[in-house]
Amino acid sequence: MTNHWIDFKNSDCILIMGSNAAENHPICWKWVTRAQEAGATVIHVDPRYTRTSSKADMYVPLRSGSDIGVLGGMIKYIIDNDLTQKEYVLHYTNASFLVSKDFSFKDGLFSGFDEASRKYDKSSWAFEMDENGVPKRDMTLKDPRCVYQILKKHYERYDSKKVSAISGSPEDQLLAFYKAYTATGKADKSGTILYAMGWTQHTVGVQNIRAMSIIQLLLGNMGVAGGGVNALRGESNVQGSTDQALLFHIIPGYMATPRANWVTLEDYNKANTPASKDPKSVNWWQHKPKYFASLLKSFYKEADLPTAYNWMPKLDAGQNASWLVLFDKMLKGQFKGFFAWGMNPAASGADSNKTREALSKLDWMVNVNIFENETGSFWKGPGVDPKKIKTEVFFLPCAVSVEKEGSITNSGRWMQWRYAGPKPMGESKPDGDIIYELALKIRELYKKEKGAFPDPVLGLNVDDWGDGHVFDPHKVAKLINGYFLKDTTIKGADGKETVYKAGSQVPSFVMLQADGSTCSGNWIYTASYTDKGNMSARRDKTQTPEQAKVGLYPGWTWSWPVNRRVIYNRASVDMTGKPWAPQKPVLAWDEANKKWLIDVVDGGGAPGAKHPFIMQKHGMGQIYGPGLNDGPLPEYYEPLECPVTEHPFSKQLNSPVALMFAEDAHKRTTCDPRFPFVCTSYRVTEHWQTGVLTRWLPWLTEAQPQMFCEMSEELAELKGITNGEKVILENPRGQLWAIAIVTKRLKPFEVMGNPVHLIGIPWHYGWVWPKDGGDAANLLTPAVGDPNTGIPETKAFMVNVKKA
Amino acid sequence: MKLGRREFVKLTAAATAVTAFGGLGFDLAPTKAHAQLMSLRKGKETTSVCCYCSVGCGLIVTTDEKTGRAINIEGDPDHPINEGALCAKGAAIYQLAENPQRITKVQYRAPGSDKWEEKSWDWAITEIAKRVKKVRDESFTEKNAKGEVVNRTEGLASVGSAAMDNEECWIYQAFLRSLGLTYIEHQARI
């Protein structure tokens, strides 16, 4: 999230789209209610009428996967009705930037598309630069090649009639929604978006979010109280695990995983460190070499930087090793060993049958979990003959969260320390202990026996992980923050020199060094655990009156970066430092003392001195985004499995660059009369993810005991299905039984003149437990993904339903 | 006066059961007698954070000083986000920790077997370490097809976990990367 949970109360208009917040992030609803009590409008746009819809002031139905139509329609509405926050758009976004003459868009494709490789050459999307490499600008926003005019031209096609025809959202409801939300374009009003998997789990997932980011920039809603782009993440520490980079493409702190074509550390730094000659651009990533060097030292404290870089494993240039690729390779027999650590891919991965078959190709698996699950026990799953499965499985029992000490980071970037209550039950152990013991054992083997390139294994800094036997979360938290490896003298902003002794904690990432004299496991966590103590364990609710007004709680736990609570907050004030919304500022300029008050300012300097979007090279909010794999502007494409053969915006039916696998093509269908119903997957309050941590709890399972599917009364009548009877859902990928819930809350969509029916399924069940509870929704979902993130399209695919 | 949770609890405990409910028209004497016969358990309170969604609700965990097991887990009223409230899942965390169906010993499934066997930690860590080393040694690649240095193993892969603490996630990715893994993924990707 750019903002945080409590901040929702400050909003004038809360849009919930791609999310069922009331049911899946229930406690956050407190803050939505407080906004409503203060007069805010809450709008829910969703394929189903849920508890979120019932609490909203406005509900607009939309067909799964048609979000860019609806959002594109809002962009057009804003432009046509002149509702932008003009000063903000002109000075804080790239609306005025000129785009290359070579850029073009025609019939659903941007310039530079290569049919054979199914990839874009993005060079024609670049900005037109001046002699300093700074984008040329047209401050009148009239030049046909300025971003604003390109934006206007792009969304001309997205009139409300076309949008309504493809999304199934009634036109009058769309217009009422647009009117209400775009009222937040007024300088002192803010609107916020709460989104989740309903936006990410699509082959256009990133562009869904981009479309909303464009809207938020046009309306001046970024960086302000009650504004922002707020991802409601799904797991207690998925924010933290992403920050710590348990993903193929990044290393901790959102730096790129080294690639083979960046041969040396210098090559890496050159390729990954943006430079800007614009004196007003803070261009924070210019400091990347300091963060990368400090990370290398946190891994390999005794090695010099070039050696440490050499030891880091490299991806090939352009290589994709994301989830869907991983399981595709697993099916092809690439992996001998596999760790399913606190994960249940046999139920959570798209195309469960593909995933489960892939697991059978492994020589061995390590399955760390609290309960038995569909992954560790795949060898005795439905239809599986254990005698035919060679895979060894080591099930390692781990501790429950309340049995261990450490920190987790919520969706609002709050790093929160928690303590151990009961001891780990039986012989279960905290994951940290297990990892530590395994690492030490492997090192022992490499010390005793010869083996492949032992250097990085033996050189790994495990000293800071514990005492040689027991994992110590405090030691690791301090390493993640970082400390000085040598006595270091640093001159502060006031000109005063301070000596930081070797071993002392680095107080802030501004003090991290590129020369190897500091180590830091993750620069965005620097300042979280300093010599003053563990900031994430703080429970101080002291606030100044201004902080209390917007609910910042700066003394409660710690948020990254540097305890900033609302990021991009520089954009919350005008060029003179005056808040756009004086009744709910997150920043105020104290002219007398020449400092910023309320929140931690995003990028220092006096008002107007710096562009506010400091993580962007050019310092501006990106309305036009030339770096993504599927285009600089969101464009409408149908989900890969869709119920139509065409849509009104272009002849390009689907994303031309979506991630997919040729071998799975025979399992995908579009407009196939055998599988005519759109299916979408979602969650219920009582269960969580694949249900491994909820299906075993009687209090929860008694409320939600079995796999069900929801359908409209119209669909039920069509198929002769009655409420409560068992049905079978199926498509070429798999089959699933479910208890039918026939409800008024789902209605058919009128799409391009034809009714399109929706079936909804929760994805919490698995064959292991409870018996007769049902199996995974992912038996039906396709292994196709977003071209930027690789996230599978599990929110819109085609199925058939019939009586069991 | 502003009544915090602890002040409220102290007040109600101070009043005797009979007088607090006096005037309700029924006799609580036998209940009071029974209540006095029930053994009290002494617990230690610690704070935690819910392990389910990403709201990050605060918890108060009470652990029995004798048995070392949780007696009660409820919302932390001092936490500014949840203010003591919990949804159904958070409210059920007690049953996650105190669950007789938890696996509490290492289990091993042999090739072709139809059952689990109980093993010791020492055995499991040693056997896993041996296998990691074997696969790494057999699949470690110094240079790719282009002759560029890659120093990786593509014979091992890992998924997990958004359910681990930051400190655990960090050492896990460092551990995997030090072995040369590139196929590292988890919940954030799906």
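**Helix packing and a buried proline**

In this predicted model, Asp431(A), Gly432(A), Ile435(A), Tyr436(A), Leu438(A), Ala439(A) and Ile442(A) of α18(A) meet Glu168(B), Ile171(B), Tyr172(B), Phe175(B) and Leu179(B) of α7(B). By class, that contact holds nine nonpolar, one polar and two charged residues.

**α18(A) with α7(B)**

- Helix α7 of chain B spans residues 166-179, and its axis lies 9 Å from that of α18(A).
- The packing angle is about 25°.
- Angles under 35 degrees count as roughly parallel, so α18(A) and α7(B) are roughly parallel to each other.
- Their crossing is left-handed.

- Pro422(A) sits in the loop between β16 (414-418) and α18 (431-448) of chain A.
- Pro422(A) has a relative accessible area of 1%. Buried means under 20%, so Pro422(A) is buried.
- Leaving aside neighbours within four places in sequence, Pro422(A) touches Val402(A) and Glu403(A) in chain A.
- From chain B, Pro422(A) is in contact with Val61(B), Thr63(B), Gly68(B), Arg69(B), Ala70(B) and Glu98(B).
- Val400(A) is 22 residues from Pro422(A) along the chain, and their C-alpha atoms are separated by 9.4 Å.

**α4(A) with α8(A)**

- Helix α4 (residues 67-80) packs with helix α8 (residues 171-182), both of chain A, at an angle of about 60°.
- The axes of α4(A) and α8(A) are 10 Å apart.
- Roughly parallel needs an angle under 35 degrees, and roughly perpendicular runs from 65 to 115. The two helices are therefore oblique to each other.
- The crossing of α4(A) and α8(A) is right-handed.
- On the α4(A) side, the contact uses Gly69(A), Val70(A), Gly73(A), Met74(A), Tyr77(A) and Ile78(A).
- On the α8(A) side, the contact uses Leu174(A), Leu175(A), Phe177(A), Tyr178(A), Lys179(A), Tyr181(A) and Thr182(A).
- By class, this contact has nine nonpolar, three polar and one charged residues.

**Buried residues of α6(A)**

- Helix α6 of chain A covers residues 147-154, and Val147(A), Tyr148(A), Ile150(A), Leu151(A) and His154(A) are buried in it.
- These residues cover an arc of only 165° around the axis, which puts them on the same side of α6(A).
- Elements covering the buried residues include α4, β4 (105-106), β5 (109-110) and α10 (205-218) of chain A.

Note on methods:
Residues numbered from 1 in each chain as written. Chains lettered and ligands numbered in written order. Predicted model: local features only at pLDDT ≥ 70, side-chain atom pairs only at ≥ 80, totals over all residues. Heavy atoms only, no water. Axes fitted to C-alpha atoms, helices over the stretch in contact; angles between N-to-C directions. Helix = DSSP H or I, 4+ residues; strand = E, 2+ residues; numbered from the N terminus. Parallel < 35°, antiparallel > 145°, perpendicular 65-115°, else oblique. Left-handed = near helix turned anticlockwise from the far one by under 90°. Contact = heavy atoms within 4.5 Å. Nonpolar A, V, L, I, M, F, W, Y, C, P; charged D, E, K, R; others polar. Buried < 20%, exposed > 50% of the residue type's maximum accessible area, 1.4 Å probe, protein only. Arc of directions from axis to C-beta.
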